[in-house]
Every structure is written in C-alpha cells, then in structure tokens.
Amino acid sequence: MTWIDDPEFTGDHPFGPQTLPYGVIDEGVAVRVGGQALPLRPIASSFGGRLAELVSADSLDPLLAADRPLWSELRARLLELVTATRAPQGAALAPLASARLPFTVGDYVDFYSSRHHAENVGKIFRPDGAALLPNYTHLPVGYHGRAGTVVVSGTDVVRPKGQRKGDHGPVFGPSVRLDIEAEVGFVCGGPVTGEVSISAAADHVFGVVLVNDWSARDIQAWEYQPLGPFLAKSFATSVGAWITPLEALSRARVAPPTPPNPLLPYLVEDTDWGLDLALRVSWNDTIVSDPPFASMAWTFAQQLAHMTVNGATVRPGDLFASGTVSGPDKYQRGSFLELSWGGKEPIELKDGSKRTFLEDGDTVVITATAPGEDGAVVGLSEVAGTVRPAA
C-alpha cells in the first residue's frame, strides 16, 4: 500500500515503482508514477545534501553530470519515498502533460545495429548488390546526427523538403516517402572522458529513451552515396519525455546474437548488455509492428566503446541511438520502408485506408516494455509525433 493514489502505479503496469523514469515538467525535475508525475523540488528536504540540489534543478543536466553512485543513491531513496504509506512533506502529484525535453542534448550519434534492418534496406536500395556490406559484422556502423533537431515526444513533425531523384535529374520539393525508424536511445552521463571501455560503459549511460528517427527515404536514396545520411535525417528526431534509468532494466539483460566472426578485443563484452525490450509501433491507432530489441547485432556497450575508441569524448547529455529495431519477421519491422517493402506492399490501417509512407495528419506512437523483478513490467515512455504539411 502506497500513498500514491494512481491505479497504474503497480508492478503489473509499466510505470509502477519498478520503473521511476525521470523527466522535467513545469514544476522542475520529476519522476513518472503511473499516469502522473511527482515533482521533486517540493520534497527536496526528504533527500538531503547533494541529492537535494540535483532534484531541485530546472533540468536533468546536473543529475546527468553526477555519477553512478549518486544515481543509485537517488533511485534507492526515491523508491523508499514512493512506496511509503505516508507522503513526504510537500508532495503533490502533477499531470504529465507539461513534460518537455528533459536535458540539453549534446552530440547525437545514430547507429545501424539491427542486422535484419540492414539486410532489408540493402535489398531494397541495392537490389543488384550485396544486402550487407563487408564491414557490418566487424563494427557498429553509425553516423553523427543533428542534436539541434532532437525534439520531445508530442512535437509535430513538419514534412521536410529536399532533392530527390527524378526522371531527368533531381527535383526539389516536399518528401513523398516520409518514414519512421523505431529506435532505442541511450542518454549519457558521468564525468567527461574519452575512450570508454566495454566494462565502463554502464558508468556513462544514465538511462534509456525511445526514439523515432524520422526519415525522408526519397531524399535519402538520392543523397546518401557516398557519405551517408544528411538532410534525409537531420530535420527531426523525436525522443520520449521520460528517461528510464539503466538500473531499472537489470532483469532485462540478455546475451546478444553471436557474431559470425571474431570481434576485435575492444568490442568483446565481459558481460552481456543485450536488452530484452519489446517495442510496439502504432500508425493512426493501428498496431503495425512489434520490433524485438533483443535481436540487435550490437549492444549499447559496444556502440559506446566504438564511438569513443578514437579518443572522441562522451559528455553528460550526449545521446546515441540504436538504429532501426527490426526482427526477422515482417510484423517485426521497425520502419515503413521495410513494412511496405519500398512502397510495393501497402499497409492497411483499421479505418480501411492504405499506406506505404506517411501522409500529412498521420500520427505514429512507439511504446516499449521490458521484464522486471518478480514478474513486474518496466516501461519506456512513449514517443509520439504527428506529421504536418511542408512549410
């Protein structure tokens, strides 16, 4: 029995006491409790010392700049407070509606870590070539994205404009093949450093968010060779408003798929950092895909190790994403490019309409859950967005 009066604040709901994701609302730093938020500034005196300063901030930036021991201490104290029978002095629940981007996004890196997705895209974009390029099984392929266009869940996405291939050379205009990519993102924290080893990766990842890396496939197909994604990806990347702490996923850890070749030593894991996350993609309230994150070829620890092995720094607020999550079956594909197989196989929505790519007014919502202790369900907060016409 807890003082929090919310029917969704139980272990069999995604945002019970087993999850406690962090976010920022009008009242400042908060944790999500069921379908509500608990602002932490009014109860800062219940934490004391350094923790009181961290929970009294206007964003999660100071908390991200702390370290793993402080994150663990805060989570343990929060769990005590939210499961108590009596509310701490000053506690008052608030709506989730005012949630905003909870941290300052530093560098943004997007990976390409689903072998199933990479093979599908290779077959669609390069039908006469190899589906998988030779480097794929030796390193986590990735690219640097645009941090300035990372937006919080619920933000409308304006259809981008750019060049695409025409019958007689390039044409310019709004993308006609606007797509989504269902991904998992990792929010960095801890001391600024370079070259993070596999064994130290967890000390530099504060938590996990869902990501929708919106993609203009027609622009991408024209521009991506030889240097990769550019305008087709940089117009918008949506992230969930609430960051699930990495510690909440301790029961979701699994072994990643065995690579087909030996890895270089810096990419060999000393412990398994695959995560058993079950994603779900809804298109205008129609469930169209259930991508499994456990099938990803590369883990976040390997991604972070590779991202910094050249000496590049990792800083609090840096964000890196997994790349599209896709499984081996059609209903597990995490992009509409794959689901419609390049536009050749329309998807029927429950209102009877058919889609290959996004139309203006379409809404996409991505959710995810993971197993917790004693049968509990751990949640990753939804990432949602609605497409608006090109400016």
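Predicted model: local features only at pLDDT ≥ 70, side-chain atom pairs only at ≥ 80, totals over all residues.
Where is Trp341 found? Trp341 sits in the loop between α7 (336–339) and β23 (347–348).

**View 1. The largest pocket has a volume of about 610 Å³.** Its lining is made up of 29 residues, and Tyr112, Arg126, Val141, Tyr224 and Pro229 lie nearest the centre. The elements that give two or more residues to this lining are β4 (108–111), α4 (115–125), β5 (142–144) and α5 (217–223). The most comes from α4, which gives 4 residues. Sorted by class, the lining has 15 nonpolar, 8 polar and 6 charged residues.

**View 2. The second largest pocket has a volume of about 320 Å³.** Here 17 residues form the lining, and nearest the centre lie Pro256, Pro257, Thr258, Pro259 and Ala297. By class, this lining has 10 nonpolar, 5 polar and 2 charged residues.

**View 3. A cis peptide bond leads from Gln225 to Pro226.** Omega for this bond is near 10°. To find Pro226, look in the loop between α5 and β15 (237–239).

**View 4. Asp285 has a positive phi, near 70°, in a residue other than glycine.** Its loop lies between β19 (278–283) and β20 (286–289). Asp285 counts as exposed because its relative accessible area is 63%, and the cut-off for exposed is over 50%.

**View 5. Trp341 also has a positive phi, near 50°, and is a residue other than glycine.** As the opening said, Trp341 is in the loop between α7 and β23. With 22% relative accessibility, Trp341 counts as partly exposed.

Technical notes:
Residues numbered from 1 in each chain as written. Heavy atoms only, no water. 1 Å grid on protein atoms, 1.4 Å probe; cavity = no way out; pocket = protein on both sides within 12 Å on 5 of 7 lines; lining within 4 Å. Points joined across faces, edges and corners; volume = space filled by probe spheres on them. Nonpolar A, V, L, I, M, F, W, Y, C, P; charged D, E, K, R; others polar. Buried < 20%, exposed > 50% of the residue type's maximum accessible area, 1.4 Å probe, protein only.
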